[in-house]
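Q: Could you take me through one part of this protein in detail? I would like to look closely at the pocket and the parts around it.

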Amino acid sequence: MTIVTPDDSDVEQPSTTSRRIDLSRMSRRAWVITGLLVLFQIVAFADKAVLGLVSADAMPELGLSATEFGFIGSSFFFLYALVSIVVGFLAAKFPVKWILFVMALAWAVLQFPMLLGGAAAVLLVTRVLLGGAEGPATAMSLTSVHTWFAPRRRALPSNLVAIGSTLGPVIAAPVLAWVITAWGWRWAFGVLGIVGLIWMAAWLILGADGPYREQQKAETDEDSADGADAAADEVTTSAVDAQQPVVVWRAFASLCFLAAVIGGASNFWVQGFLTTWLPQYLGTVIGLSLQEVGTVTTIPWVLGALVLLGLGVLGQRMLARGHNAHRSIAIPFGAAALVAGVCFLLVQLTSGAMSVALLSLAAGCSLAYPMTASAIGYSVGTRQRPIMMATLGGVASLGAVISPSLVGWLMTRAGYVSPPKGVKPSPEMAANMADGVHLAFTITGIILLVGGALCIAFLRPERLGSALQRRYARG
C-alpha cells in the first residue's frame, strides 16, 4: 500500500518498523470490526427468521389465515427497498458507523411491542418498520468492511460478513424454539430486542470507519502486475477505489447492474420463503416436532455459511492471483445459484429425507446474495459504493416481497386452511400445503437458473467501471 503524506519533502518519513506496526494494528482492528459486522448480520437475520418460528402459535392466537400471515411476512420488505436506497445516498455523505448504530437501535426498540401484547395490526406495523430499518443492513455492513481492506483483499472478509446472515437463523432457530416452548412465542421478540441493545452498545465503543473510506492510491506493485493482464476495456481491479464519481443513474441502467438485481432477487425470493414458511412446511408436510423443526431449519443456513466460506476463500485467492471480480466473485455466485435452481426443481419429485436434503442444499446455495453486492461495488469509487450496494439490495429485495405472499396464496388456492390453535393439520390439509409449496418450488427453481446464468454472463463490474469512467465521469 502506498502511504501518502501531505508533503514528502517537509514531513519526516516514519521508519519501516513503525509503518509495519501501524499496519499490523490496523489489520487487527480491521478483523475486530469484521467480527462485529458478522454479529450485526446475525442479529438482522435472526429478526427475519423469528416470524416463521412463531407462525404455528401466532397464527391461531392472532386469528390469521395463511394468506394473511404470508402478507405479514411480505410486509417486512415493503419499506426495505425505499429505505435501502435512501440510506445508500446518506452513507455517501455521513460516517457508516453512525448509520449502523441508528439501525441497531431501531431494530431493538421495534421488537418490544409484540412482547408487550401487540395484536395482528401491531405485528404488521412493526414488521413493516423493522424491514425498513433492516433494509440497508447488508449494504452498510459490506460498505463498512470494504473501508478496512484493500480491493484485492475484500473477497474473504465480505463473505465472512455474509456468513453472518446465514448464522442468524442457525443460532436463532434452536434458541428461539426453546424460548417459545419455555416462555411463549412473544418472548422470542423480546429476546431479540435485548440482544440488539447489547450489540448497539458494543458498536458504540468499538465501531469505526476504516482508512479506505477515503479514495486511496492503488498499490503500485499490484497495479503494474495487473496492468499487463487487464483487458483494455476494464478498470484495474486494485485501482477501483480511485475511480472518479460518475452519473450513477447510468450505472443503474446497465446490463451489469440488471444481472446483479435479478441474481440477487432470486436469493431474496428464497429468503422470503425460508423465513416465513419453511418451519411450518417442515412441521406440517414433513411431520417434524417444533424442536425438530428448530434443529432442521438450521441446516440450510449452515450449508449457506459453508458455501460462502468456500467461495470467499476461492475469491480471495483468485483476486490475489490477478483475476478480476467477475471471475472471482460473480461467476462463483452464479454457479451456486444454478445448483440451487436445479435442486428446487428436484425437491417435489422426492419425499422424506431426500426431500429435506435437496431442499437444504437448494436453500444453502441460494443464500449468497451479498456476493452480488460485493461484486457490483467494484464498478465505482469509494464514495458511490454504498449507493450501488444499497440500491441493488433495495431493488433485489422485491423478490422477498413477492415470495411469502405468493406461497401463502398458492397454499390457499390448493385448499389449505390453518387449523385452530393446538390442533394438528389433517392429512388432507398437509397434502394441500404440499401442493401449493411444491408449485412455488418450481417457480423458485426457474428464477434461480435465470439469475445465476445472467450473473455469469453479464455481472462484469470492472468493465462497467471502465465504461462509466470513459463516458459519465464527473471529475
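**The largest pocket and its surroundings**

A: Helix α1 gives the most to the lining of the largest pocket, with 7 residues. Before going on, please keep in mind that this is a predicted model, in which local features need pLDDT of at least 70 and side-chain atom pairs count only at pLDDT 80 or more, while totals for chains, interfaces and linings use all residues. Residues are numbered from 1 along each chain as its sequence is written, and side-chain values use heavy atoms, with hydrogens and water left out.

On a 1 Å grid over the protein atoms alone, a pocket is an open set of points with protein on both sides within 12 Å along at least five of seven lines, a cavity is a set where a 1.4 Å probe fits but cannot get out, and lining residues have an atom within 4 Å of a point. A volume is the space filled by probe spheres set on the points, which are joined across faces, edges and corners. Helices are DSSP runs (H or I, at least four residues), numbered from the N terminus.

The largest pocket holds about 680 Å³ of space. It is lined by 26 residues, and A56, G283, T284, K424 and P425 are the closest to its centre. Two or more lining residues come from each of α1 (16–62), α12 and α13 (290–296). By class, the lining has 14 nonpolar, 9 polar and 3 charged residues; here Ala, Val, Leu, Ile, Met, Phe, Trp, Tyr, Cys and Pro count as nonpolar, Asp, Glu, Lys and Arg as charged, and the others, Gly among them, as polar.

Helices α1, α7 (155–183) and α11 (255–276) each supply at least two lining residues. This lining divides into 7 nonpolar, 2 polar and no charged residues.

The side chains of R186 and E61 meet at 3.6 Å, N to O. This pair links distant parts of the chain, with R186 in helix α8 (residues 186–206) and E61 in helix α1, 125 residues apart.

How values were computed
Salt bridge = Lys/Arg side-chain N within 4 Å of Asp/Glu carboxyl O.
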